[in-house]
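Hi everyone, thanks for making time this morning. Let me put the model up on the screen, and then we can walk through it together.

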Amino acid sequence: CNIAIASLLMLVARKEHSVADIVMICVLIFFGMMTLSRTFVVVAAFTFLSFMFLSPGAVKQRAKNMLLLLVVVPILLFVVFEYAPSIIEGFNARNDTNDITNGRSFLMEFYHNHIFSSFKNCFWGIGLQGYGHKIRGLYGANLLSCHNGVQEVWVVWGLIGLLVFALMILSMISTSRRWSGNRTFFAFIPLCALLFSSMAGQLASSGTMLLSLSLVYI
């Protein structure tokens with residue numbers, strides 16, 4: 001939902017959008033809220049703030065963007081509170097816990113300790129294929145996979161793989177200049193939204209995230 005929202009906002013910023021695109025943004029926000037994902041909310045907020053303050057154009061155009069959001073957001077909030085109050089109740093229930101990270105802090109610490117437990121784990125990783133089974137085989141515990149994209153790349157491909165993955169991202173940015181030329185920072189918002197969302201989820205082991213990486217490259 002967030003990658004699609006970011007892509008549609010790029011059309012709005014470039015003045016290539018239609019009314020259907022605005023409607024689709026509203027629908028995507030509603031669907032994203034239905035997932036009860038706090039990561040969705042944080043990344044969506046980042047995307048819209050970037051749209052308001054970093055989109056290309058004069059001050060007048062940015063003022064129009066802000067006005068558009070000031071109209072759309074209250075309408076969406078009214079629809080949610082009026083017709084789907086269970087969404088708000090669901091978010092309240094998820095936040096009513098002693099661990100706001102939902103176990104991610106424990107996983108972060110566990111995989112951090114695993115990475116630095118040996119030179120092999122740190123430098124080469126344990127491999128992507130079935131890495132969850134490998135972790136369970138090593139520690140004899142039914143643990144969830146990494147919930148941080150950078151850490152997951154380090155776990156499965158080691159420090160070498162992490163550096164190569166970073167070089168791939170830099171290569172994507174540099175080689176895209178062949179047909180894009182100079183771009184505003186706003187052109188990188190879909191990529192930023194993808195990497196930002198991966199900080200609370202998977203990256204290397206997620207087919208959806210890797211396919212989205214192709215989309216943001218385009």
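By touching, or contact, I mean heavy atoms within 4.5 Å. Tyr217 sits in helix α12, residues 207-217. Helices here are DSSP runs of H or I with at least four residues, strands are runs of E with at least two, and both are numbered from the N terminus. With a relative accessibility of 32%, Tyr217 counts as partly exposed. For that scale, buried is under 20% relative accessible area, exposed is over 50%, and partly exposed is in between, with a 1.4 Å probe and protein chains only. Tyr217 and Glu16 are 201 residues apart in sequence, and their C-alpha atoms are 19 Å apart in space.

Before going on, a word on where this comes from. This is a predicted model, so to speak of local features we need pLDDT of at least 70, and side-chain atom pairs count only at pLDDT 80 or more, while totals for chains, interfaces and linings use all residues. Residues are numbered from 1 along each chain as its sequence is written, and side-chain values use heavy atoms, with hydrogens and water left out.

Now the whole chain. How many helices and strands does the protein chain have? There are 12 helices and zero strands, so reading from the N terminus by that DSSP definition, the order is α-α-α-α-α-α-α-α-α-α-α-α. Along the principal axes, the C-alpha atoms fill a box of roughly 55 × 50 × 25 Å. The chain has 218 residues, and 38% of them count as buried. Of the contacts with a separation of 6 or more, 69% are between residues 24 or more positions apart.

For the surface, the protein chain exposes about 12,500 Å², and carbon and sulfur atoms supply 69% of that area. Those areas come from the Shrake-Rupley method with a 1.4 Å probe, and for residues only the protein chains shown count as cover. On charges, there are 14 positive and 8 negative side chains, with the centres of the two sets 16 Å apart. Lys and Arg count as positive, Asp and Glu as negative, and His and the chain ends are not counted. Each charge is placed at NZ of Lys, CZ of Arg, CG of Asp or CD of Glu.

Next, a pair of helices. Helix α4, residues 59-83, packs against helix α5, residues 85-95, at an angle of about 90°, with the axes 5 Å apart. That makes α4 roughly perpendicular to α5. The angle classes are: under 35 degrees roughly parallel, over 145 roughly antiparallel, 65 to 115 roughly perpendicular, and the rest oblique. The axes are lines fitted to C-alpha atoms, for helices over the stretch in contact, and angles run from 0 to 180 degrees between N-to-C directions. On the α4 side, the contact is made by Val80, Phe81, Glu82 and Tyr83, and on the α5 side by Pro85, Ile87 and Ile88.

Helix α4 also brings us to a loop. Gly57 lies between α3 (38-54) and α4, and Gly57 is partly exposed at 49% relative accessible area. Gly57 and Arg14 are 43 residues apart in sequence and 8.7 Å apart from C-alpha to C-alpha.

Is Tyr111 buried or exposed? Tyr111 is buried, at 1% relative accessibility. Tyr111 belongs to helix α6, residues 104-115. Beyond neighbours within four places in sequence, Tyr111 is in contact with Ile135, Leu144, Ser145, Cys146, Gln151 and Val155.

Two backbone details to finish. Which phi does Lys15 have? Phi of Lys15 is near 60°, a positive value in a residue other than glycine. Lys15 is in the loop between α1 (2-13) and α2 and counts as exposed at 60% relative accessibility. Leu36 is not a glycine either, and has a positive phi of about 60°. Leu36 is in the loop between α2 and α3, and is partly exposed at 23%.

That's my tour, so over to you for questions.
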